[in-house]
Amino acid sequence: MALEGVSDQELRRHFEMLKGVEHHKNELILELLSRVDRLDESYQQMALDHQRETQFNREGQLRERKLQDELRKIKAFMNRDPFVLVLIDGDGMIFEDSLIREGELGGKEAAAVLWNGIKDHVHDTLPDIPSDCRIVTRIYANMKGLSEACWKAGLVDKPSLIEQFYRGFTGSKILFDFIDVGPGKDRADEKINELFKLHLGDFHCHHIFFGCSHDNGYARLLEQYTEPMITDRITLLEGVPFEKELNAMKAKYTTVKLPNLFRSTKINAYNQPVYHVSQSLPQHPIQVSSNETASPPIPNGYQSPYQPIIGMSTPSPAPSNPSTMNPKAPTWASAATSAVQVVSPPATPTPALSSLASGTDIPRNRYGQRIDPPTVYDKDEVDRVRKMKLCNVHFLRGDCGYDPCTHSHNKKLSKSEMAALKTVARMVPCRQGSACDDPKCMYGHR
């Protein structure tokens, strides 16, 4: 720029103008530097965040991988030793007559039929259960009571066949067991109930086959489990037709009836009429000729169908064909050879309610079967008392042996509540059925 001819004022004005430009340039540079500082600070923060997220993700991946490994181990452990449980109340789920009459061999055959039936059912209808799943079977019953009942009903020639049958059943498979609970009401029920609850929550147990069709009492157990994820794990085995309460709820469960395995009808321990000898009447002698030998004595506890009934002072004429009255029962004529002389037996008593149990007031019919007298009750009152969860044994028998008992002992009941409680108790069938001779029994007898 030529400065010649430029006045001092003009130079100063140019100088001031250049100073302003320089000032704006400096401010711009300072602003740019400030922005660079802020961007660098943000970058450093984001870098830290990114580093933290990267570390968190890495730790999360390691943790997830570890959890997946643990989950695989747990699944492998849960899938180890899978089994299905066959739980049977042997007091009511009776095997077919043709099986139990074979004794030990019949027990082995029954175990094979049961094992094959369960295996086929699992394969056909339960595909989620592993193919190597084992079958565990537990049968609970009163051996002595069951043996005597089958013998009295004419199903076996001698009570010991039942013991032989279950010996063969237990010995045929490693995981098949018959457990003798001994005499006493509800002993089998209580053990079965607890074992059912225990295995229902066991992840090794993939399914439960429950043999209980004969007893309404098990409806109390099953009604506690209504969720589909639980009911899908339960299959009800059918022997005799399902009792009323079980029949009403069986739609929630899968049911199966294994062919040629369990009886479809209940046994009748009084299939032979039982009469008690009157002490006022003389025993009829059996005369055996000197050259003949009497057959073995009649089993201990057997009552001939020809013995007179209590209270019969004058016997009626004998039936024309006494063997038709009870074809399975042994007769006095079979106790000796043709030289035996037997007096004519009395006729069958008239069908009227009578107390045949000596020294008790237990009502029985003409066949010696225990029957309950009719009763009238208020359904609403019975339903109300049932919901009170009272201890039947405590209030009706006074000898509850449970400590602690899960039902109430503390309420004071009115006469109407006591009557309703008796009706509630009678709705549960007696395990001994019409053979029951317990004067204090509070259950139902049909």
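Which residues of helix α4 (residues 143-152) are buried? In this predicted model, in which residues are numbered from 1 along each chain as its sequence is written, local features need pLDDT of at least 70, side-chain atom pairs count only at pLDDT 80 or more, and totals for chains, interfaces and linings use all residues. Side-chain values use heavy atoms, with hydrogens and water left out. The buried residues of α4 are M143, L146, S147, A149, C150 and W151, where buried denotes under 20% relative accessible area, exposed over 50%, and partly exposed in between (1.4 Å probe, protein chains only). These residues pack against α2 (97-100), β2 (134-141), α5 (160-172) and β3 (176-180). Just after α4, G154 adopts a positive phi of about 80 degrees.

The chain contains 12 helices and eight strands; helices (H or I, at least four residues) and strands (E, at least two) are DSSP runs, numbered from the N terminus. Of its 446 residues, 35% count as buried. A contact is defined by heavy atoms within 4.5 Å. Among contacts between residues at least 6 apart in sequence, 75% join residues at least 24 apart. The chain exposes about 27,400 Å², and carbon and sulfur atoms supply 54% of this area. Accessible areas come from the Shrake-Rupley method with a 1.4 Å probe, and for residues only the protein chains shown count as cover.

The largest nonpolar core has 39 residues, of which F95, L114, I118, Y166, F169 and L237 touch the most other members. Two or more residues are given to this core by each of β1 (83-89), α2, α3 (103-125), β2, α4, α5 and β3. A nonpolar core is a set of buried Ala, Val, Leu, Ile, Met, Phe, Trp, Tyr and Cys residues joined through side-chain atoms within 4.5 Å. When residues up to four places away in sequence are not counted, Y166 touches F95, I139, M143, L146 and F178. Another core, of 26 residues, lies apart from the largest one and includes L87, Y140, V181 and I234.

A search of the whole structure finds 23 salt bridges, a salt bridge being a side-chain nitrogen of Lys or Arg within 4 Å of a carboxyl oxygen of Asp or Glu. In one of these, D189 pairs with R431, the closest N and O atoms being 1.9 Å apart. This pair links distant parts of the chain, as D189 belongs to helix α6 (residues 187-200) and R431 to the segment after α12 (415-426), 242 residues apart. D189 is buried, at 10% relative accessibility. Salt bridges also link D89, D91, D189, D215 and R431 in a network.

Helix α6 also includes A188, which is buried at 2% relative accessibility. Leaving aside neighbours within four places in sequence, A188 is in contact with D89, D91, Y140, V181 and Y218. The C-alpha atoms of A188 and N142 are 7.6 Å apart, although the two residues are 46 apart in sequence.

Salt bridges are also found within individual helices. In helix α1, K25 and E22 are three residues apart, and are therefore separated by about one helical turn. Their side chains meet in a salt bridge at 2.5 Å, N to O. K25 is partly exposed, with a relative accessible area of 39%, and E22 is partly exposed at 35%. In helix α10 (residues 379-386), K379 and D383 lie four residues apart, about one turn of the helix. The closest N and O atoms of their salt bridge are 3.0 Å apart. K379 counts as exposed at 56% relative accessibility, whereas D383 is partly exposed at 23%.

On the surface, I74, F77, M78 and F203 form a nonpolar patch with about 350 Å² of accessible area together. Patches comprise residues with over 30% relative accessible area and no salt bridge, with like charges joined within 9 Å and nonpolar side chains (Val, Leu, Ile, Met, Phe, Trp, Tyr) within 5 Å. M78 lies in helix α1 (residues 8-78) and counts as partly exposed at 33% relative accessibility.

A disulfide is defined as a pair of cysteine sulfur atoms within 2.5 Å. By this rule, the count is zero disulfides. C400 is in no disulfide, the nearest cysteine sulfur, that of C391, being 3.7 Å away. C430 is likewise in no disulfide, and the nearest cysteine sulfur, that of C441, is 3.8 Å away. C430 is buried, with a relative accessible area of 8%.
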